[in-house]
Each structure stands twice: as C-alpha cells, then as structure tokens.
2 protein chains.
Amino acid sequence: MRIPFEKLYQEFLRVLLKKGFAEERAELCAGIFAESSRDGVYSHGLNKFPLFIRDIDKGHVHVNAAPEKVARFGAFERWDGNYGPGPFNAHFCMNRTIELAKEQGLGCVALRNTNHWMRGGTYGWQAADAGCLAVCFTNTMPNMPPWGGAEPRIGNNPLVIAVPRKGGHIVLDMAMSLFSYGKLGVTRSHGELLPVEGGHDLEGRLTRDPDAILKSMRPLPAGYWKGSGLAIMLDLLVTILSEGRSTSVIGEIDDEKGVSQCFFCLDAEKQHQPGYVEQITNTFIDYLHATIPLHEGESVYYPGERTLRTRQENIANGIPVDEKKWQQVLDM
Amino acid sequence: MRIPFEKLYQEFLRVLLKKGFAEERAELCAGIFAESSRDGVYSHGLNKFPLFIRDIDKGHVHVNAAPEKVARFGAFERWDGNYGPGPFNAHFCMNRTIELAKEQGLGCVALRNTNHWMRGGTYGWQAADAGCLAVCFTNTMPNMPPWGGAEPRIGNNPLVIAVPRKGGHIVLDMAMSLFSYGKLGVTRSHGELLPVEGGHDLEGRLTRDPDAILKSMRPLPAGYWKGSGLAIMLDLLVTILSEGRSTSVIGEIDDEKGVSQCFFCLDAEKQHQPGYVEQITNTFIDYLHATIPLHEGESVYYPGERTLRTRQENIANGIPVDEKKWQQVLDM
C-alpha cells in the first residue's frame with residue numbers, strides 16, 4: 001500500500017494538533033515524520049509515530065515545552081530541552097547551530113533533557129540545505145552490551161555527518177549497533193538469517209540468528225570493540241557538553257526519556273570560494289563510483305545516495321506503508 | 001628485549017638531529033615516537049621510525065618546514081603544513097586548537113599538506129592533558145575498499161576522541177579498518193587466523209586468513225558498510241575544511257604524502273564547575289566496570305584504560321622492542 005506524501009503529512013498533523021501541539025510545531029514534527037518515510041527510513045517515520053504518541057500520553061514528552069539557553073561560551077551554547085518533543089528540539093538546536101556557524105564560522109550546541117530525535121539524518125539534511133558541513137549525535141537508553149559485556153550498558157548512540165552538495169547532499173546516519181532492533185525484528189519475521197554475525201546468543205556465541213539476539217539483548221557494536229568504544233565516547237561527549245543525562249542515568253527508568261545531544265556546524269559557503277565544495281564532492285563521488293565492484297553487477301554508493309533515489313521514487317509513486325501502522329494512525 | 005624509555009628517546013633524538021632537525025622539534029618528535037612505544041603502540045613508535053626516516057630521505061618530509069596559517073574565521077583556522085614532519089605539524093595544530101578553545105570556548109583547526117601523524121592518540125592525550133575534550137582525524141592513502149568494492153579507494157582514516165580525567169584520560173584511537181595491516185602481518189607471521197572475519201579474499205569471500213587479505217588488499221571496514229561510510233565522511237570533512245588533498249589525490253603517487261587533518265577542542269575546565277568532568281567520568285567508568293562479562297574472567301575496559309596499564313609497566317620494566325628494528329635505529 002502506497003500513500004501520497006501529503007496525505008501522510010496531513011494525518012500526522014491532525015493527530016499532533018489533537019494532542020495539543022501548537023500549530024507551527026505540529027507542522028514541523030508532522031513534516032519530519034512524513035519526510036522520514038518519504039526518504040525510506042520507515043522505521044523512524046510512520047512506524048515510530050505510534051510510539052511517539054505513546055510517549056506523549058505517558059507524559060514523557062511535553063508537547064509545547066520550549067528549549068532554554070542555559071550557557072554560552074563564544075560559538076558554543078548549552079540548551080535545556082525541557083522534555084519537549086525530540087524532533088522539535090533537535091531541529092531547533094540544529095537551526096541555532098547553523099546561525100552560530102553563519103555568524104562565527106563554526107557553531108556548536110549541546111542539548112540536554114530532550115527526547116528521541118527520531119531519524120538523525122533529518123538534522124544532517126537540514127544543515128546541508130543551509131550550506132553547512134555538520135556533525136551531530138545523540139545518546140540513547142542502554143540497548144547494547146559494551147565489548148566484552150553480557151548486558152546492555154551502552155547506547156547505540158546514532159552519529160550523523162553531512163556535507164552539502166547541489167546534486168544531493170552526502171549524509172551518513174549510523175547507529176553504533178551493526179543492526180537495529182527494527183532490522184532484527186523484520187529479519188526474524190521473515191524467518192531469515194542476518195547477512196553477517198549481528199550479536200551474541202545467550203551462550204555467548206556470535207550468531208546470525210536475529211531471534212537469538214533479540215532474546216539475549218546482545219546486539220553487536222559495528223566493528224565489535226570499535227563501535228563499542230565509539231558509542232562510549234559519544235555518550236561521554238554529549239553528557240559532558242550538555243551537562244545532561246548519560247546512557248547510564250537514562251537507563252534508570254524503563255522508558256527512554258531525557259536524552260542528551262550535540263550539534264556541530266561549519267559554514268562551507270563562507271569559508272570557501274564559490275563552487276569549491278561542489279567540485280570536491282563531485283570529484284569524490286566520480287572516483288568512488290569508478291570502484292571495481294567486489295561482485296559483478298553490484299555498485300559502490302556514497303552515504304545518502306540511495307536515500308535520494310528512494311525519495312524520488314516515493315514522491316512519484318507514493319510512500320509504502322505498513323498497513324497496520326497506517327490504520328493505527330488513522331484511528332488516533 | 002626491553003629498553004629504558006630514556007635510551008629509546010635519546011637514540012631517536014640522535015638520528016633526528018643527524019637528519020637536520022632543529023633541536024626543539026627533534027626533541028618533540030623523538031618524544032612522540034618514544035611515548036608511542038612506551039604506551040604499547042609499538043606499531044607507531046619504534047616500528048614506524050625507520051619508515052619515517054625513509055620518507056625524510058625520499059624528500060617527502062621537509063624536516064624544518066614551518067606550518068603557515070592560511071585562513072581564519074572566528075574559532076576556525078586553516079593551516080598549511082608545508083610537508084613538514086607529521087608529528088610536529090599535528091602537535092603544533094592541536095596546540096593551536098587548544099589555544100583557540102581556551103580563548104573562545106571551542107576551537108577547530110584544519111591542516112593540509114602534512115604527513116603521517118604516526119600514533120593519533122598522541123594528540124588526544126595532548127588535548128586531555130590541557131583539560132580539553134578533543135576530536136581529531138586524518139585521511140590516508142587509499143588502503144581499503146569501500147563497501148561493495150574490490151580495490152582500495154578509501155583510507156582507513158584514524159579518528160581520535162579524548163575526554164580528560166585526572167585518574168587517566170579516556171582516549172579512543174581507532175582506524176576505520178577492522179584490523180590494521182600491522183595486525184594482519186603479525187597474525188600471518190604467527191601462522192594464526194584472525195579472531196573474526198577481517199577482509200575479503202581474491203574470490204570475494206569473507207575470510208579470517210590474514211595472508212588472503214594481504215594478497216587481496218581487501219581489509220574490511222570496521223562494521224562493514226558503517227566503517228566504510230564513516231571513512232568516506234571523515235575524508236570529505238578533512239579535505240574540504242583544509243582545502244587539502246583527499247584520499248583519491250593522495251593515491252595518485254605510490255607513497256603517502258601530503259595528507260589532510262582536522263583538530264577540534266572544547267575547553268572543559270572553562271565550561272563546567274570544578275570537579276564536574278571528574279565526577280561524570282568516574283561515575284561512567286564505575287558503571288562500565290560493573291558490567292557482567294560475556295565470558296567468565298573477562299573484563300570490560302574504557303578506551304585508553306589498557307594504554308595506561310601498559311605505560312606503567314613499560315616505565316617500570318623498560319619498553320619491549322623488536323630487536324631488528326632497534327638495531328636498525330642504532331645503525332642509523
């Protein structure tokens with residue numbers, strides 16, 4: 001089943017207004033959810049919307065809370081999200097980071113007491129649309145064992161890096177776990193194995209069986225010890241910079257609430273001759289595309305390339321939806 | 001064979017002075033090489049020293065070149081390394097980044113036309129010693145295939161993240177390949193297999209055989225597609241920010257020469273109440289150490305923890321050296 005973008009957006013908007021969102025932020029959040037599905041990130045678009053509403057109903061998300069500046073040092077600012085909607089707060093803070101970068105060459109904003117930002121790539125595309133190079137990351141509840149550990153004590157702490165380009169931005173949006181819980185669930189429901197080992201089973205053995213990993217709660221960090229180390233460092237950075245909650249503190253309650261985030265931008269338009277970034281990125285992509293593929297018929301992609309293709313396809317043909325989730329939204 | 005730190009340092013110093021280094025920078029570089037071995041990073045200490053000298057003899061490294069500021073925008077500066085010694089240039093630019101952070105809360109320096117910085121962790125420890133949170137990264141020659149590719153077209157682009165702590169800094173120093181070429185070589189020489197799949201063989205199959213990977217030149221990015229994407233983004237960031245050479249351009253000559261780097265710091269001492277970072281990091285480490293291990297008798301470590309242990313052991317007992325490499329240095 002495919003739904004036009006506008007229909008998806010209007011339904012999200014209707015529900016958010018019903019939940020008491022002020023009009024402007026309802027429009028912003030409905031747009032972020034609809035655009036995530038449009039770009040093929042279904043897990044963080046329509047499929048996450050019911051959980052977002054559940055967190056509002058539980059009182060974790062304060063729909064009209066306003067972020068507040070708590071400290072400023074030059075091009076660095078610290079904000080408190082006051083438990084407002086994650087996508088709203090993240091969009092607001094990336095916007096502030098872009099402003100700082102436009103004024104001062106670079107900008108950095110740390111945000112505490114916010115909520116799940118949904119699709120991290122949203123804020124990478126936002127910065128790139130404004131002509132900025134950007135890095136942003138968030139912590140999460142404990143959902144992955146550190147390397148050598150048997151129980152989840154670190155977050156999968158998504159990291160986003162964006163480089164602007166007229167022909168389509170280059171945007172990496174990666175969590176520190178090799179596979180998301182969403183991917184594990186879908187693979188299990190199809191009765192399939194993962195393409196490579198994705199976690200440890202209850203006996204402590206590496207496995208490709210998604211069911212064994214969902215039972216053990218031991219998904220593998222991307223690159224084993226490397227993704228574990230990177231997740232640890234990202235959590236420390238966001239916690240310290242925002243003076244907010246670390247993954248360990250977030251883990252003290254069952255639900256994920258009050259996470260910490262960091263946004264960083266450099267104004268590429270101000271810092272370079274016109275056309276410089278365009279030339280570098282296009283040369284880079286040509287070089288990458290010319291790679292001999294490992295297996296015949298395969299291709300090498302730059303980060304974000306397939307996002308752009310999916311976007312074009314979904315705009316043309318409508319956005320594929322999980323019918324149960326869609327009905328759930330229609331019934332709200 | 002174990003050599004006292006001071007002896008190692010003095011030999012490096014002697015050779016660098018003989019190669020025409022001015023005294024102060026000879027001392028700095030000799031210290032960086034000796035400290036890398038002292039900290040257990042033998043691959044980038046003594047074992048890399050002969051290659052560093054070879055690059056000087058080839059004219060790739062200009063021993064007394066001075067880095068030059070080419071642009072400034074607020075707390076961001078762009079420097080040209082003028083093909084000076086990599087460790088000298090990187091140390092200089094991290095120092096400049098720390099100064100910017102002390103003045104303005106945060107600082108960022110991009111460096112072009114420099115050379116291999118040897119052990120990346122050096123600059124993380126340097127920033128943490130100055131009370132800064134730091135992130136730095138470098139590109140390299142093409143030495144790894146991008147995900148889906150059969151030939152090396154991306155670098156392993158090491159990334160360093162550091163958080164200061166009185167009881168021992170927390171420092172992550174990771175390349176984007178799962179295993180270094182050094183590790184592949186050592187594992188092959190011992191006739192062993194890698195602990196997990198570390199690359200593709202010439203037939204395009206994943207393998208634990210280091211010999212097959214050294215033959216195919218297809219080491220695996222850490223986290224497969226994830227490490228590949230991250231390596232791509234880091235290369236784009238350093239190239240654009242420094243207006244320097246990308247991995248593709250570095251690859252146009254056979255040797256690695258004229259790489260691009262980026263340094264970023266935040267002054268933790270200025271931005272927080274005294275003791276705040278100490279309390280956060282110590283609480284974090286206690287929480288991490290309390291993780292139930294996956295296998296009995298194993299432990300969970302924070303990034304940099306084992307470095308510190310090795311350092312203490314090597315200071316007490318002398319630094320283990322590869323006797324052939326040591327003799328090579330003595331003969332220089």
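Residues are numbered from 1 along each chain as its sequence is written, and chains are lettered from A, with ligands numbered from 1, in the order in which they are written. In this predicted model, local features need pLDDT of at least 70 and side-chain atom pairs count only at pLDDT 80 or more, whereas totals for chains, interfaces and linings use all residues.

**Stop 1: chain A as a whole**

Select chain A, which has 13 helices and 11 strands; these are DSSP runs numbered from the N terminus, helices being H or I of at least four residues and strands E of at least two. Its radius of gyration is 20 Å, close to the 20 Å that the globule rule gives for 332 residues, so chain A is as compact as a globular protein of that length. The radius is taken over C-alpha atoms, and the rule is 2.2 Å times the number of residues to the power 0.38. Along the principal axes, the C-alpha atoms fill a box of roughly 55 × 50 × 40 Å.

Buried residues make up 57% of the 332 residues in chain A. A residue is buried if 20 or more other C-beta atoms lie within 10 Å of its own, exposed if 12 or fewer, and partly exposed in between, with C-beta atoms placed from the backbone. Of the contacts in chain A with a separation of 6 or more, 63% are between residues 24 or more positions apart; a contact requires C-beta atoms, placed from the backbone, within 7 Å.

**Stop 2: the sheet of chain A**

Next, select β2, β3, β4, β10, β5, β6 and β7 of chain A, which in that order form an open sheet of seven strands with mixed pairing. Two strands pair if DSSP finds at least two bridges between them. At the edges stand β2 (68–73) and β7 (170–174) of chain A, each with a single partner strand, so one side of each is left without a neighbour in the sheet. From one strand to the next, the twist averages 10°.

Zoom in on β3 (residues 76–80) and β4 (residues 106–114) of chain A, which run parallel and are joined by five bridges. Here Asp80(A) stands opposite Arg112(A) in β4(A). Axes are lines fitted to C-alpha atoms, for helices over the stretch in contact, and angles between N-to-C directions run from 0 to 180 degrees. Helix α8 (residues 225–242) of chain A lies across β3, β4, β5, β6 (159–163) and β10 of chain A, at about 90° to β10(A).

**Stop 3: strand β3 of chain B**

Move to chain B and select β3 (residues 76–80), where five of the five residues are buried, so the strand is largely enclosed by the rest of the structure. Phe76(B), Arg78(B) and Asp80(B) are buried on one side, and Glu77(B) and Trp79(B) on the other.

Which way do β2(B) and β3(B) run relative to each other, parallel or antiparallel? They run antiparallel, joined by five bridges, and Ala71(B) has Arg78(B) as its bridge partner in β3(B). Their hairpin has two residues between the strands, and Gly74(B) takes a positive phi near 60° there. With β4(B), β3(B) runs parallel over five bridges, and Arg78(B) stands opposite Ala110(B).

**Stop 4: β5, β10 and α5 of chain B**

Strands β5 (residues 132–138) and β10 (residues 259–267) of chain B pair in the antiparallel sense over seven bridges. Ala134(B) has Cys265(B) as its bridge partner in β10(B). Helix α5 (residues 121–129) of chain B lies across β5, β6, β7 and β10 of chain B, running at about 20° to β6(B).

**Stop 5: the interface and its axis**

Finally, display both chains: 63 residues of chain B are in contact with 63 residues of chain A. On the side of chain B that touches chain A, α8(B) gives the most, with 11 residues. By class, this side has 38 nonpolar, 19 polar and six charged residues. Ala, Val, Leu, Ile, Met, Phe, Trp, Tyr, Cys and Pro count as nonpolar, Asp, Glu, Lys and Arg as charged, and the others, Gly among them, as polar.

Conventions
Two residues are in contact if their C-beta atoms, placed from the backbone, lie within 7 Å.
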